[in-house]
Amino acid sequence: MRPILMKGHKRPLTYLKYNREGDILFSCAKDTNPAVWYADTGELLGTYRGHTGAVWGCDVSRDSKLLITASADQTTKLWDVQTGDELFTFQFESTAKSVEFSVGDKLAVVATDSFSTTLPSAIHVKRIASDPTEQCADSVIEFSPGGTSNRAVWGPLNRTIITGGEDGVVRVWDVETTKLIHESDKESGHQKAVTSLTKSVDGSHLLTGSLDKSAKLWDIRSMKLVKTYNYGTRVYAVTLSPLLDHVVLGGGPDASSVSHGDGKFEAKFYHKVLEEEIGAVKGHFGPINALAFNPDGKSFSSGGEDGYVRLHHFDQDYFNIAI
């Protein structure tokens, strides 16, 4: 399985996202310019220029026409995917850490970081206009989840918002009332900061990664803990195969304690049900910060501290792994 090395960023990668068809891949990095690539060949299609800080996350609309990005420059921007034109800028008072379109693309949820002791971390819901010229900046919903939330995603049918933060607790909030419905158990849940949140394709499960060196699979409706996967070092990125019962984790030691240059940083594959490690893909020269599975399940990509995106198309052998 020879990877395609994609070099389009000058700084560490932060986030990867495929569109629904799986033919294009978006990458975010600390170098301010999100990029878009052909997901089959790894050819760079273009970049989106307008941010002045690291870009921490992105999402693409179901029809692949709109891209939304969250940045350390305290903005979230809407872009025309095809032309690269900046359509609208949402301004915040602190770093935008993550962003996700709702089912239907009519709303977007943004998690912003805390800024000093006076401005807490917040969750903002913005209405996305069907006509970009009618877009407005107002928040439909805005509330503070307490502590610092690194990630926020939509729950089933856009009725809830799920957050994960520095205290390791995964919380579920009612969208209409903004009240807390559920929070993960301190004993069985993560013991350190939650770094990543992703949902299964059918929306039934939530996978979280943490600095406590583990990833956890949750039933998204009951938020009961289903499985735990032990990675052995800090987890920065998680993803689920849409085809097989496979979970992929990426990460690495704290950047300050890493001697770059050995290419040994691994994306590890685990059996979703058995929790056992079934394989690993090496190659990055620094911690893996981003992972994404192509919606067809036949390839995946990883983004590292080394500034590279590595695109892996699976051999037929991968689909014949006997457990």
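Me: How many bridges join E10 to strand E11, and in which sense do the two run?

Reply: Strands of a sheet pair through backbone hydrogen bonds, either parallel or antiparallel. Here, E10 and strand E11 (residues 107-112) are joined by five bridges and run antiparallel. Two strands count as paired if DSSP finds at least two bridges between them; strands (E, at least two residues) and helices (H or I, at least four) are DSSP runs, numbered from the N terminus. The model is predicted: local features need pLDDT of at least 70, side-chain atom pairs count only at pLDDT 80 or more, and totals for chains, interfaces and linings use all residues. Residues are numbered from 1 along each chain as its sequence is written, and side-chain values use heavy atoms, with hydrogens and water left out.

Me: Which residue in E11 stands opposite Val-99, and which residue of the hairpin takes a positive phi?

Reply: Val-99 faces Val-110 in E11. The hairpin of E10 and E11 has five residues between the strands, and there Gly-104 takes a positive phi near 100 degrees.

Me: Are the residues of strand E10 buried or exposed?

Reply: Buried means under 20% relative accessible area, exposed over 50%, and partly exposed in between (1.4 Å probe, protein chains only). Strand E10 (residues 96-101) is mostly covered, with six of its six residues buried.

Me: What is the order of the strands in the sheet that contains E10?

Reply: The open sheet has four strands in the order E10-E11-E12-E13, with antiparallel pairing. E10 and strand E13 (139-143) are at the edges with a single partner strand each, so one side of each is left without a neighbour in the sheet. Neighbouring strands are turned by 15 degrees against each other on average, direction ignored; the axes are lines fitted to C-alpha atoms, for helices over the stretch in contact, and angles run from 0 to 180 degrees between N-to-C directions. Strand E12 (residues 122-127) pairs with E13 over four antiparallel bridges, and His-124 has Glu-142 in E13 as its bridge partner.

Me: How many cavities of 30 Å³ or more does a search of the whole structure find?

Reply: Rolling a probe the size of a water molecule over the atoms shows where empty space is left. On a 1 Å grid over the protein atoms alone, a cavity is a set of points where a 1.4 Å probe fits but cannot get out; lining residues have an atom within 4 Å of a point. Grid points are joined across faces, edges and corners, and a volume is the space filled by probe spheres set on the points. The search finds one such cavity, and the largest cavity holds about 30 Å³ of space.

Me: Which element gives the largest share of the lining of the largest cavity?

Reply: E25 gives the largest share, three residues. Among the lining residues are Ala-267, Phe-300 and Arg-310.

Notes: On a 1 Å grid over the protein atoms alone, a cavity is a set of points where a 1.4 Å probe fits but cannot get out, and a pocket is an open set with protein on both sides within 12 Å along at least five of seven lines; lining residues have an atom within 4 Å of a point.
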